[in-house]
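Visitor: Hello! I would like to learn how to read aromatic rings in a protein model. Could you walk me through an example?

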Amino acid sequence: MANRAGFPVRPTNHFRENLQADVTLKFKSQKLSIDTVTDETMINGDSAKFEPAEVEDAGTGASADPDPLAALAAERDAFASEAADLKDRLLRGQAEFQNFRKRAEKEKIEFSEYASTEAVRALLPIVDDFERALKVESADQEFSRGIKLIYQRLFESLKKLGLEPMDSKGQPFDPNIHHAVEMVETADAADHTILDDYQRGYNFKGRLLRPAMVKVAVEPK
């Protein structure tokens with residue numbers, strides 16, 4: 001500061017006090033601004049500066065998230081159990097299919113083998129009539145020979161299809177394949193021996209087609 005003559009003037013005490021008051025007032029204003037901003041930040045809850053800490057389990061102090069290894073192990077066990085169940089079902093299905101295929105093949109073979117059973121059974125009465133006719137004496141030899149030839153051709157054709165005649169005479173009586181039409185007391189044959197057959201029995205490819213009707217000897221009383 002200078003006076004009118006241009007010489008420097010020393011500041012007075014009053015001037016010093018005013019200057020000091022101004023500086024103090026300015027400092028307090030700046031401090032008040034800083035405190036105001038700080039208070040507003042605390043009130044508004046700035047998430048960038050005041051984030052809550054992660055909550056831990058009060059009992060163990062560990063995080064609430066499940067163990068990833070335990071979860072993977074449980075999932076692995078579930079998949080293994082499901083795979084075992086599916087494998088068992090697959091094996092059962094394959095076994096059932098194999099059994100069904102074998103049964104179907106067997107039925108197919110049996111059907112093809114025995115499809116003509118009923119047709120052959122229907123022809124047996126005709127064979128019986130031919131056998132009865134051949135037992136009758138005829139004056140016409142040519143006629144008898146013709147009947148015999150027809151019978152032989154028919155019988156051979158049926159045998160090729162699987163017809164098997166039974167030989168019952170002289171055999172022990174078997175109720176599974178014989179029907180006893182007559183029981184004769186005699187000492188000339190063993191007990192329950194077939195003396196004669198009234199109607200021949202037949203098998204067809206190893207199976208009973210028609211039982212024989214027979215006369216059976218019994219021991220005299």
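**Reading aromatic pairs**

Guide: Happy to! Tyr151 is buried, and Phe155 is buried too. Keep in mind that this model is predicted.

Visitor: How is a pair of aromatic rings described?

Guide: By two values: the distance of the centres and the angle of the planes. Searching the whole structure gives 2 aromatic pairs. In one of them, Phe130 and Tyr151 are tilted, with 6.2 Å centre to centre and 40° between the planes.

Visitor: Which parts does the pair of Phe130 and Tyr151 tie together?

Guide: Phe130 belongs to helix H3 (residues 117-135) and Tyr151 to helix H4 (residues 141-161), so the pair links parts that are 21 residues apart in sequence. Phe130 is buried, at a relative accessible area of 17%, and Tyr151 is buried at 12% relative accessibility.

Visitor: Why is the pair of Tyr151 and Phe155 called stacked?

Guide: Planes under 30 degrees apart count as stacked. For Tyr151 and Phe155 the planes are at 25° and the ring centres 5.7 Å apart, so this pair is stacked. Both residues lie in helix H4, 4 residues apart, which is about one turn of the helix. Together, Phe130, Tyr151 and Phe155 form one aromatic cluster.

Visitor: At what angle do H3 and H4 pack?

Guide: At about 150°, and their axes are 10 Å apart. Angles over 145 degrees count as roughly antiparallel, so H3 is roughly antiparallel to H4. The contact includes Leu123 and Phe130 of H3, and Tyr151 and Phe155 of H4. Its residues divide into 14 nonpolar, 1 polar and 2 charged.

Conventions: Residues are numbered from 1 along each chain as its sequence is written. This is a predicted model: local features need pLDDT of at least 70, side-chain atom pairs count only at pLDDT 80 or more; totals for chains, interfaces and linings use all residues. Side-chain values use heavy atoms; hydrogens and water are left out. Rings of Phe, Tyr and Trp (its six-membered ring) pair if their centres lie within 6.5 Å; planes under 30 degrees apart count as stacked, over 60 as edge-to-face and the rest as tilted. Helices (H or I, at least four residues) and strands (E, at least two) are DSSP runs, numbered from the N terminus. Buried means under 20% relative accessible area, exposed over 50%, partly exposed in between (1.4 Å probe, protein chains only). Axes are lines fitted to C-alpha atoms, for helices over the stretch in contact, and angles run from 0 to 180 degrees between N-to-C directions. Angles under 35 degrees count as roughly parallel, over 145 as roughly antiparallel, 65 to 115 as roughly perpendicular and the rest as oblique. Contact means heavy atoms within 4.5 Å. Ala, Val, Leu, Ile, Met, Phe, Trp, Tyr, Cys and Pro count as nonpolar, Asp, Glu, Lys and Arg as charged, and the others, Gly among them, as polar.
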